[in-house]
Amino acid sequence: MSAAAVEQPVDPEPHEPLTLLDEANKLMEQLPGYRVEIIGGVLTVTPPPDASHAEVLTDLMIPFIAAGLHGQETRVVQGIGLWLPNGPEDYAIPDLSIVDADVNEHHRRNNCYDPEVFRLVVEVTSSNHNNDLRNKVVAYAQAMIPVYVIVNRKHGRVHLLTDLASSGYDTHRIYAPGEKITLPDSIGAKVTLDVSELLQAGQRKG
């Protein structure tokens, strides 16, 4: 018996190809707890943080809140989306941010907010430390985020980036254990961070 040709069914409504933003949202549904971002037109996926990563964020929130930054003018928030101007679908999700108190009035899209309300962003490095130290430096500078703090657990340092430039920050200070960091007054209050305490929290196990 001869083989007969089989016609493939025709989809009456051809689907448009997924955008990068669609792909990101699809991944977030498939991988609960993972952080999915689009930076420089590149989709990145970060596994859920470990307990030490979370401890660093708590240790950072304590002086911020004690200084009154979680009040009527500013709020201290974790893991909210920051819409980036670098590309049509770019966004990042900083570990911790200090934002204007009216942040909810500045929603952009895809559960992300206008970068103009962000006074400071913090990243605590994990397996994707190069992304925090390179790609996000450019992305946050282009978004005009005035203060960027990186708790670099891999190399045991804390980075403070200030003074915006076209492709980064003009001032990039690196602090070692034993030093203290005085953050710019532009965040809304005077805050000093203990580098040793942050790095020790980031290395705790169990």
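Contact means that heavy atoms lie within 4.5 Å of each other. The views below show a predicted model, in which local features need pLDDT of at least 70, side-chain atom pairs count only at pLDDT 80 or more, and totals for chains, interfaces and linings use all residues. Residues are numbered from 1 along each chain as its sequence is written, and side-chain values use heavy atoms, with hydrogens and water left out.

View 1. H53 belongs to helix α2, residues 51–66; helices (H or I, at least four residues) and strands (E, at least two) are DSSP runs, numbered from the N terminus. With a relative accessibility of 4%, H53 counts as buried. Buried means under 20% relative accessible area, exposed over 50%, and partly exposed in between (1.4 Å probe, protein chains only). When residues up to four places away in sequence are not counted, H53 touches D95, V124, T125, S126 and R153.

**View 2. The largest nonpolar core.** A nonpolar core is a set of buried Ala, Val, Leu, Ile, Met, Phe, Trp, Tyr and Cys residues joined through side-chain atoms within 4.5 Å. The largest core has 28 residues, of which L60, F64, L120 and L183 touch the most other members. Two or more residues come from each of α2, β6 (96–100), β8 (118–124), β9 (148–152), β10 (157–165) and α4 (195–203). Helix α2 gives the most, with five residues. Leaving aside neighbours within four places in sequence, L120 is in contact with F64, L96, S97, I98, I145, V147, V149, L183 and I187. A second, separate core of 22 residues includes A92, V103, V117 and Y169. In soluble globular proteins, nonpolar side chains tend to be buried together.

**View 3. Strand β9 and its two faces.** Five of the five residues of β9 are buried. In a regular strand the side chains alternate between the two faces of the sheet. On one side of β9 lie Y148, I150 and N152, on the other V149 and V151, and all are buried.

**View 4. The partners of strand β9.** Two strands pair if DSSP finds at least two bridges between them. Strands β8 and β9 pair in the parallel sense over four bridges, and V121 stands opposite Y148 in β9. With helix α3 (residues 129–142), β8 and β9 make a right-handed β-α-β unit; a crossover is right-handed if, with the strands pointing away from the viewer, the path from the first strand over the helix to the second runs clockwise. Strands β9 and β10 run antiparallel and are joined by five bridges, with V151 opposite V158 in β10. These two strands form a hairpin with four residues between them, and G156 in the turn has a positive phi of about 65°.

**View 5. Aromatic pairs.** Rings of Phe, Tyr and Trp (its six-membered ring) pair if their centres lie within 6.5 Å; planes under 30 degrees apart count as stacked, over 60 as edge-to-face and the rest as tilted. By this rule there are two aromatic pairs. The ring centres of W83 and Y91 are 6.4 Å apart and their planes lie at 5°, so this pair is stacked. Both W83 and Y91 are buried. For Y140 and Y148, the ring centres are 4.9 Å apart and the planes lie at 85°, so this pair is edge-to-face. Both Y140 and Y148 are buried.
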